[in-house]
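Please keep the model open beside you as you read.

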Amino acid sequence: MPNPKRKHSKCRRDKSRTHWKLSHPNGSKCSHCGEMKLPHRVCPHCGYYNGRQVSKPSKK
């Protein structure tokens, strides 16, 4: 198995890791209440999915 000839420095390692970022999840607008929600999920604000109510909204 090949081995690296030289050790990468911590600086070089950290510079390459600056591009490892989490992407922001895409949102979609609820067709019933207009709030932002995750796509293909029940709206947590009104409990609607695909034009019908499937759960009761969470109370906060």
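1. Let us begin with charge pairs. A salt bridge is a side-chain nitrogen of Lys or Arg within 4 Å of a carboxyl oxygen of Asp or Glu. By that test, the structure holds one salt bridge. This is a predicted model, in which local features need pLDDT of at least 70 and side-chain atom pairs count only at pLDDT 80 or more, while totals for chains, interfaces and linings use all residues. Residues are numbered from 1 along each chain as its sequence is written, and side-chain values use heavy atoms, with hydrogens and water left out.

2. Which side chains meet in the salt bridge? They are those of Arg13 and Asp14, with 3.0 Å from N to O. For accessibility, buried means under 20% relative accessible area, exposed means over 50%, and partly exposed lies in between (1.4 Å probe, protein chains only). Arg13 counts as partly exposed at 35%, and Asp14 is partly exposed at 36%.

3. Now take a look at Lys37, which sits in strand E2 (residues 36-37). Helices (H or I, at least four residues) and strands (E, at least two) are DSSP runs, numbered from the N terminus. Lys37 is buried yet has no salt bridge, and the nearest side chain of opposite charge, Glu35, is 12 Å away. Here Lys and Arg count as positive and Asp and Glu as negative, while His and the chain ends are not counted. What does the side chain of Lys37 reach? It reaches the backbone oxygen of Arg41, at 3.2 Å.

4. The cysteines deserve a moment. A disulfide is a covalent bond between the sulfur atoms of two cysteines; the rule used here asks for a pair of cysteine sulfur atoms within 2.5 Å. By this rule the count comes to zero disulfides. Cys43 is in no disulfide, and the nearest cysteine sulfur, that of Cys33, lies 3.6 Å away. Cys43 counts as buried because its relative accessibility is 1%.

5. Tyr49 belongs to strand E3 (residues 48-49) and is partly exposed because its relative accessible area is 33%.

6. Two loop residues are worth a look for their backbone. Most residues other than glycine have a negative phi. His40, however, has a positive phi near 60 degrees; His40 is in the loop between E2 and E3 and is exposed at 66%. Asn50 also has a positive phi, near 55 degrees. The loop between E3 and strand E4 (52-53) holds Asn50, which is exposed at 69%.

7. Finally, see which parts of the chain come together. Ser31, in the loop between strand E1 (28-29) and E2, is exposed at 70%. His45 is in the loop between E2 and E3 and is partly exposed at 45%. From C-alpha to C-alpha, His45 and Lys56 are 8.9 Å apart in space and eleven residues apart in sequence.

Conventions:
A polar contact is a pair of N or O atoms within 3.5 Å; within protein, one must be able to donate a hydrogen and the other to accept it, and residues adjacent in sequence count only if both atoms are side-chain atoms.
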